[in-house]
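Hi everyone, thanks for making time this morning. Have a look at the sequence and the structure first, and then I'll walk you through it.

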Amino acid sequence: MIRFIDVHKAFGPKRVLDGVSIDVARGEVLFIIGKSGAGKSVLVKHLLGLLAPDAGQILFEGQDVAGFSERDFFPLRKRCTMVLQHSTLFDSMTLLENVALPLRKHQGLSHAASLEAARSKLQLVHMERYADRRPADIGDGLRKRVAIARALTMEPEYVVFDEPTTGLDPISARHVDRLIRRLADETSVTSIVVSHDLASIFGVADRVVMLYQGRVLLDGPPQAFRDSADPVVRQFVNGLPDGPMDI
Amino acid sequence: MRALLDLLGHAIRDARFALTVGGRTVYYLARAPLDRAAVWRQAFEVGNRSVLFVLLTLGFLGAIMNLQTGFQALRLFGDASLVGAQTMPLVLRLFGPTVTGLMVATRVGTGIAAEVGSMVVTEQVDALRMSGAPPVDYLVKPRFVACILMLPALAVLGVTASFVAGMAVSYGAFQVNPATYANFDLVRTGDVFEGLLKALTYGAVIPIIAGAAGLSARGGSEGVGQATTRAVVNASLAVIVLDFVIGGAAFVLRT
């Protein structure tokens, strides 16, 4: 179980998180939504030590990671990984080598063994035929699929997806949705998904948390989100340019 | 006054972060296996990027120095035959390693800062951390080892270029016989060691400073640009300061 307890974070005078508390249960698919700049990515980066909170606790299976050193985070990142917003593949490597990197670094596998193991992960996202290409040779959507494969190489128990369907065509986006759902249903992987994509939210989420002005505005199943009478939630669900939500 | 204090504050922050990166580089050098392929790739990059630059710069510097020294010698003593003997210790101790260091700081330091900085602002460094690859171990360590290997080699090539160019100019301008020019009587073993020690030290310091500048890049392309500028300014300054420190220490030891 993961718990964010009263997390605060500011960048200079800008207060991004102002006491956010969220519990994430094992095996669930939790969507964190909100307008751009609401602090969704900032929040999830705290879990993996990519940012440190100003105040508050982040409990990973009972352990507070807020005070972890960089070295403490390495074992945690084997169990909980993240697909970053940009595909973040390494240009100097082939796609297969990109996917194999965590196996070499986290597990200490040899180059050849890691490549062999990585090939099956590429198959998972239907990218095996591009294995020997370099990131510059393929489009954004395909790069994102490879980044997902790389995140899954360690067979993590928790995966954080930061806008996994942004920039993808609708068909690729639904493939990613299906993969997230399958991970939860078949292997009990817990997914925390940062997203704006309403089709994804209503398609695969078990629970939705909406952040607004640095706090949790709504926490409930997708249906509660759809039926909410809150004017800010209504504006977001209906994608209206005018409303109470500040831009 | 405020601007000066800001500048000082930035310099102290940069120096502290560079020390941290340096400490971690040494830690990973001792504790983590070295990716030899990455080291050779970087060594090739460092050599390839700098060799022509170093040869040209030190070649011309050797020519200019011999020309000016020869003119002075002719004016004062009416004889320029010792021009090679007079300039050689200076080239070995000072110009060879230090100009090579400055060239590498400019060519390689900027490259390291730009590459690492771009990886930071595009979250590739975060992806490395997710993959279990500490950024200092993966990005800075191979460049550190490569520069330590390549700086002395480049300095030796630079000194050779300076020697050959100086010999040619001395022959052309003052009719100094090449055999007379190649007079190493004033060169001591200590001069060679001093030059090599300087080259090794610059090789260790330049990638650390440039890597630290890259790792501290923030924002977008503007942040990468600032990191690149910081890398070349700080690394060049470090080369000059270290030249003074090592040169001073060598002088104290000699006397």
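I'll talk about a sheet, then the interface, then a cavity.

A word on the ground rules: this is a predicted model, where local features need pLDDT of at least 70 and side-chain atom pairs count only at pLDDT 80 or more, while totals for chains, interfaces and linings use all residues. Residues are numbered from 1 along each chain as its sequence is written, chains are lettered from A and ligands numbered from 1 in the order in which they are written, and side-chain values use heavy atoms, leaving out hydrogens and water.

Let's start in chain A. There we have an open sheet of six strands, in the order S6-S7-S8-S3-S9-S10, with mixed pairing. Helices (H or I, at least four residues) and strands (E, at least two) are DSSP runs numbered from the N terminus, and two strands pair if DSSP finds at least two bridges between them. S6 (80–83) and S10 (215–220) of chain A each have a single partner strand, so one side of each is left without a neighbour in the sheet.

Inside the sheet, S7 (158–162) and S8 (190–194) of chain A run parallel, paired over five bridges.

Now, where do the two chains meet? 23 residues of chain A are in contact with 15 residues of chain B, contact meaning heavy atoms within 4.5 Å. The chains bury about 1700 Å² between them, 57% of it on carbon and sulfur atoms; buried area is the accessible area (1.4 Å probe) that two parts lose on being put together, summed over both. On the chain A side, Phe74(A), Phe90(A) and Lys105(A) lose the most area to chain B, together 29% of what that side buries.

Last stop: how many cavities of 30 Å³ or more does the structure hold? One. A cavity here is a set of points, on a 1 Å grid over the protein atoms alone, where a 1.4 Å probe fits but cannot get out, and lining residues have an atom within 4 Å of a point. Among the 15 residues that line the largest cavity, those closest to its centre include Thr81(A), Arg150(A) and Met130(B). S6 and H5 of chain A and helix H4 (124–130) of chain B each supply at least two residues of that lining.

Terms used. 1 Å grid on protein atoms, 1.4 Å probe; cavity = no way out; pocket = protein on both sides within 12 Å on 5 of 7 lines; lining within 4 Å. Points joined across faces, edges and corners; volume = space filled by probe spheres on them.
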